[in-house]
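Welcome! Here is a short tour for anyone meeting this structure for the first time. Take a look at it, then read on.

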Amino acid sequence: MGSMPVMAVGSVRMGGLNADFWATNGKNLLLALVAIGAFIAVVALLLWGTELFSRLFSDKWRGGIQLFTLVSPVLILLAIGLIWPAVQTFFLSFTNVVRIPDPATGINVDQSTFVWFKNYIFAFSDPTELRTVINTLVWMFVTPILSTLVGLAYAVFIDRAKGERTLKSLVFLPVAVSLVGASIVWGFIMYDFNQTGSQTGIINALIALAGGHPINFLTADPWNTIFLIMILVWTQTGFAMVVLSAAIKGVPIELNEASALDGANAWQRFWQITVPSIRGTLVVVLTTITIATLKVFDVVRTLTQGRNGTNVIAYDMYDQFFVKDNRPLGAALAVVMFIFVVPIVVYNVRSMRKVRENH
Amino acid sequence: MKRRITLPFAAVAVSGLLLAGCSSNNSTTNTSSASNSSTAAMAPGCEAYAPYGQLNGAAVEVYSSITGVEADAMTTVFDKFNECTGAKVKFNGNKEFEAQLPVRVEGGTAPDLAVIPQPGLLQKMVGTGAVVKAPASVEANVDKFWTADWKTYGTVGTTFYAAPMLANVKGFIWYSPKEFAAQGYTVPKTLDELWALTATMAAKGGTGADYKPWCIGFGSDAATGWPGTDWVEDLVLRVNGPATYDSWVAGKTKFNSPDIKKAFEAFGNIALNPAYVNGGLGDSASIISTTFQEGGLPILKGSCSLHHQASFYQAQWPAGTDVSPTGDVWAFMMPPNKAGDPPAVTGGGEFVAAFNDKPATAAVQTFMSSDTFANARVKLGGVISANKGLDLANVDNQLMKDAVAILQGDTTVFRFDGSDAMPAAVGAGSFWTGMNDYVSGKPLDTVLTDIDNAWPSAG
């Protein structure tokens, strides 16, 4: 009690950075600084050490030794942080884990049994889980196609138009909005629905103004998935537009002029000159957006938490694993998503390499 | 090279700022006791704290889901404890507590004490082997101040781990005494009277726009649906009795058994009847899109007459609302099934589990199970405790006093909130989604089977 006035003065002067702060977060801060210092030291040692070590060998071996020592830390970290958990997930997806509590102390002993494809069969046969898988496929197809189409059309229309930069910025802005932010904006400003009283959501207010029946966008199964997809399309269109616009500018103007002289109209020129010329970029944009779509978690988590048939694998696997403690099923869903994404990633990398070679 | 080095430093600086920003809310513990506690003689008003001894600056973290005003009240209680014992108890409230506690325990950074609001989560934490057995001093307090029921909820297997802390009583039905007086309604004494009153109300109508007798709101972000589980739990306990309730919570009586189905149907008779719901809000479909906080507010506009929610709903009424037995809003307990049935209530509470056996941790855990703690905290308002040492004079209003009387009553059949005690896959998963599906129009048999399917298999 006696020290109270002193401490009060002290805490005013230090603006909250009191002894408590330094005892807890001050320690963390120091630890962070030490960690960063150590990291820099290790990297420096590695670079320097590699150089010294490789000098011991002939020129023939030196390149290989340098490559090995410089790449191995990355490989080790990847193995610990990515490959090993992936292998664990893979094995977990084939098991069934039962937690058996000790009758006296209640401490669990986990008993896992190998159940072959039971979790996978469940994921594709249980109506709720199957719907989740189908929804994910709908997202995968609709989002990239819609964003690319809209982005391409916009890029073509504003190409070399007056104020092109401003027009581009307008469509590109949503790319900078986080998906949670975008979901909240759409969910509560655009899609809001009231059964009674006046409509507070913009779209429903317009529908009501036109004399139509307002729609509950987030519960109108099965169309609600499409309404959620629109949010992602809104944020991805800008990305597609900017990349495609750059590609369109790379199409030689002579080609267009020559075909115009030959009597091709704008529509024919678009399909027969522009699209084939930017085909590689189109594929990259499509596949990049598809991969981004597979990871969609934020929109569903923010607006519906998977209710009314809107669940997707990315949300469900988190929900099963962490919330419902159904880890094997969560792991199986993660593997299913991995299988969905692998061919697209491979195709994406190949197309990207091709685009790069052409330039 | 220069640019590459400055970037991580900038990141550290920013994260440092973030840490500082976060910490300023949490570390509001009193610093007055920090310095010279060892030399301090017993300060005035500290007599009740003598059993905990001098803890000489020992730091104890109490981790909890309690935030906001209620967290400030907890901090105030611990400030006194710190002042008298020289401990440095830090109360750390986090809204993501239920998700973060398992992460912290698995990551090896468990708090000293955790205030766990669900027996199901307590079982899960005990299952990891990280929770230590309650010390004898805590067990002695619980034997002295709580009924055997409450001790059971803090016991896993046959080992007693966690002492109860605060409590809340569910199953209140909020109504407007002014409207009841004007319309000549009386508070129902049995469930049949409640259903009859509902029919009368629907026939007579009300003063507000889109009037229906009941208003219900399930919305609660990722936890949407829980207010529905409270409805069903209250009905199971009253209609089917405590024995069926216990066997249902333990997973022995299935959701699709005739007993439990009956309780769902009793709820469905209200929630799926377009003449009975959802006052001022729409029809059954609006139940999910209305947040639980807004669910009862149409009573104030005269758009509905009845709203089922726990005692904490008192805090939701806007400032200026007359919450009293003759005022704008008040609550009665959901009546028993038949006249003469013993009063039966469901409720919730928190349990204080320890993750190490340091003397300071044990001292704080003992303090939190004492009557000193219950009285100090309840005096600050807004909460109640089932602690028998609680002085009713410290409870801040009549509704809370009634709730304490119910909790302390010898004939009261008290049962813990069923969904909180069920495994998380059901209690925080399929039971919630099942309630949402049911009010969205999914057939009841499918709903019940879906809920049962999520129950973790026993072998």
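**A first look at chain B**

Chain B holds 18 helices and 11 strands, where helices (H or I, at least four residues) and strands (E, at least two) are DSSP runs numbered from the N terminus. This is a predicted model, in which local features need pLDDT of at least 70 and side-chain atom pairs count only at pLDDT 80 or more, while totals for chains, interfaces and linings use all residues. Residues are numbered from 1 along each chain as its sequence is written, chains are lettered from A and ligands numbered from 1 in the order in which they are written, and side-chain values use heavy atoms, with hydrogens and water left out.

**Overall packing**

- Of the 459 residues of chain B, 56% count as buried; buried means under 20% relative accessible area, exposed over 50%, and partly exposed in between (1.4 Å probe, protein chains only).
- Among the contacts in chain B with a separation of 6 or more, 74% come from residues 24 or more positions apart, a contact being heavy atoms within 4.5 Å.

**Strands and sheets**

- Strand E1 (residues 59–64) and strand E2 (residues 88–93) of chain B pair in the parallel sense over 6 bridges; two strands pair if DSSP finds at least two bridges between them.
- Within this pairing, Val60(B) stands opposite Val89(B) in E2(B).
- With helix H2 (residues 69–85) of chain B, E1(B) and E2(B) make a right-handed β-α-β unit: with the strands pointing away from the viewer, the path from the first strand over the helix to the second runs clockwise.
- Elsewhere in chain B, 3 strands form an open, antiparallel sheet in the order E8-E7-E9.
- Its edge strands are E8 (307–308) and E9 (330–333) of chain B, each pairing on one side only.
- Strand E7 (residues 172–175) of chain B and E9(B) share 4 bridges in the antiparallel sense, and Ala331(B) in E9(B) is the bridge partner of Trp174(B).

**Rings and charges**

- The count comes to 53 aromatic pairs over all chains; rings of Phe, Tyr and Trp (its six-membered ring) pair if their centres lie within 6.5 Å, with planes under 30 degrees apart counted as stacked, over 60 as edge-to-face and the rest as tilted.
- Trp248(B) and Phe431(B) form an edge-to-face pair, 5.8 Å centre to centre with 80° between the planes.
- Trp248(B) lies in helix H9 (residues 226–249) of chain B and Phe431(B) in helix H17 (residues 424–439) of chain B, so the pair ties together parts that are 183 residues apart in sequence.
- Trp248(B) counts as buried because its relative accessibility is 0%.
- The charged end of Arg104(B) sits over the ring of Tyr63(B), 4.6 Å from its centre; for this, NZ of Lys or CZ of Arg must be within 6 Å of the ring centre and within 35 degrees of the ring normal.

**Backbone details**

- Most residues other than glycine have a negative phi, and most peptide bonds are trans.
- A cis peptide bond joins Val277(B) and Asn278(B), with omega about 5°.
- Asn278(B) is placed in the loop between helix H10 (258–271) and helix H11 (286–289) of chain B.
- Asn308(A), although not a glycine, has a positive phi of about 55°.
- Asn308(A) belongs to the loop between helix H13 (298–303) and helix H14 (313–323) of chain A.
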